[in-house]
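Please examine the structure shown below, together with its sequence.

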Amino acid sequence: MGEALSLAEKGLWTTSPNPRVGCVIVKHGEVIGRGWHEKAGEAHAELNALHEAGARAVGATVYVTLEPCNHHGRTPPCADALAAARPARVVAAMQDPNPQVAGSGLEKLRAAGIAVDCGLLQLEAAELNLGFVARMTRGRPWVRMKIAATLDGRTALANGRSQWITGPDARRDGHAWRARACALLTGIGTVRDDDPQLTVRDVATPRQPLRVVVDSKLQIAADARILDGGGLLVFSAVEDGEKIKALADRGAEVVVLANPQGKTDLTAIMRELARRGMNEVHVESGSKLNGSLLAAGVVDELLLYYAPSLLGDAARGMFNLPEFVALEQKISLRFHDVRRIGDDLRILARL
């Protein structure tokens with residue numbers, strides 16, 4: 001199962017909106033088939049492994065990191081293919097959280113006379129697909145907020161300059177996290193101050209994530225670099241036909257989702273991104289949107305890069321949050337991973 005998980009990880013940047021899945025087939029102590037889901041719309045891990053195993057799959061044991069699917073999507077059900085191959089046993093790391101499957105794939109295998117076990121390395125399998133699990137179980141993506149800061153929690157000078165607080169190794173690592181995301185989200189303040197491209201550049205990637213801008217008043221400039229190349233999704237709170245048409249001419253799509261206060265509805269934004277098949281959303285924005293996303297309760301983890309430097313109180317902070325008057329109001333987190341990246345410290349903390 002460990003090898004199956006390693007195979008699944010090869011699809012880290014390519015399988016969305018599908019989950020990352022690996023499969024290993026063993027017979028008489030020998031691996032006879034290996035497979036992983038390489039790209040949405042192409043063969044699933046089980047089919048690739050069965051293709052390699054061929055007729056030898058009869059009586060074998062199949063290890064797969066996610067319950068075999070039991071519905072027709074862009075490919076036929078893997079549960080049917082496994083039943084036809086007649087292995088003696090199928091071991092799944094976890095049940096598929098997709099309501100279209102949700103145990104039915106395992107039941108189909110049992111009905112075919114195949115021994116089935118589920119739960120081996122379940123936590124590791126769920127970790128690999130936390131975005132898919134989040135989208136299937138709660139209707140919104142897994143949201144990861146990335147921030148580069150000094151040790152005193154400052155992200156930029158008072159004038160907005162922030163290039164570069166962290167070193168090249170940390171920046172490259174940040175681009176690797178960008179690459180695994182389905183969507184990269186920022187706010188109009190960052191677009192205005194930094195004029196970012198919001199693309200993956202420092203690491204090789206087979207595809208660029210969807211770029212998303214939260215722009216309540218449609219203030220994005222016509223010459224903003226983030227508009228280059230099209231494929232931009234803009235969430236607004238205002239219906240401005242002229243601006244929406246101008247953005248459409250640049251290849252951008254505008255979706256109006258306003259809350260009762262006349263601002264963009266951040267919870268509705270995440271639901272809409274989930275509807276579009278986004279499993280993981282990577283946020284790189286300023287303190288205002290960072291604070292609003294936290295207050296809306298849609299952030300799952302913080303990806304923090306701390307540089308060994310100080311900028312002082314006049315510099316810009318990480319989060320614009322309302323004043324807390326009691327320690328019980330604090331936002332609690334749990335350290336999930338802490339490591340050094342070049343000269344900087346990387347902390348992955350989950351709410």
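Q: Which residues line the largest cavity?
A: This is a predicted model, in which local features need pLDDT of at least 70, side-chain atom pairs count only at pLDDT 80 or more, and totals for chains, interfaces and linings use all residues. Residues are numbered from 1 along each chain as its sequence is written, and side-chain values use heavy atoms, with hydrogens and water left out. A cavity is a set of points, on a 1 Å grid over the protein atoms alone, where a 1.4 Å probe fits but cannot get out, and lining residues have an atom within 4 Å of a point. The lining consists of Thr15, Ser16, Asn18, Pro19, Arg20, Asn129, Gly131, Phe132, Asn279 and Glu280.

Q: What is the volume of the largest cavity?
A: A volume is the space filled by probe spheres set on the grid points, which are joined across faces, edges and corners. The search of the whole structure finds 1 cavity of 30 Å³ or more. The volume of the largest cavity is about 40 Å³.

Q: How many residues of this lining are nonpolar, polar and charged?
A: Ala, Val, Leu, Ile, Met, Phe, Trp, Tyr, Cys and Pro count as nonpolar, Asp, Glu, Lys and Arg as charged, and the others, Gly among them, as polar. On that basis the lining of the largest cavity has 2 nonpolar, 6 polar and 2 charged residues.

Q: Are H10 and H11 roughly parallel or roughly perpendicular?
A: Helices (H or I, at least four residues) and strands (E, at least two) are DSSP runs, numbered from the N terminus. Axes are lines fitted to C-alpha atoms, for helices over the stretch in contact, and angles run from 0 to 180 degrees between N-to-C directions. The axes of H10 (residues 266-275) and H11 (residues 287-296) come within 9 Å and cross at roughly 80°. Because angles under 35 degrees count as roughly parallel, over 145 as roughly antiparallel, 65 to 115 as roughly perpendicular and the rest as oblique, H10 and H11 are roughly perpendicular.

Q: Is Thr166 buried or exposed?
A: Buried means under 20% relative accessible area, exposed over 50%, and partly exposed in between (1.4 Å probe, protein chains only). Thr166 lies in the loop between S6 and H7 (168-180). Since its relative accessible area is 8%, Thr166 is buried.

Q: What is the relative accessibility of Leu351?
A: Leu351 is placed in the segment after S14. Its contacts (heavy atoms within 4.5 Å) include Leu294, Val299 and Ile331. Leu351 counts as partly exposed, because its relative accessibility is 45%.

Technical notes
On a 1 Å grid over the protein atoms alone, a cavity is a set of points where a 1.4 Å probe fits but cannot get out, and a pocket is an open set with protein on both sides within 12 Å along at least five of seven lines; lining residues have an atom within 4 Å of a point. Lists of a residue's contacts leave out its neighbours within four places in sequence.
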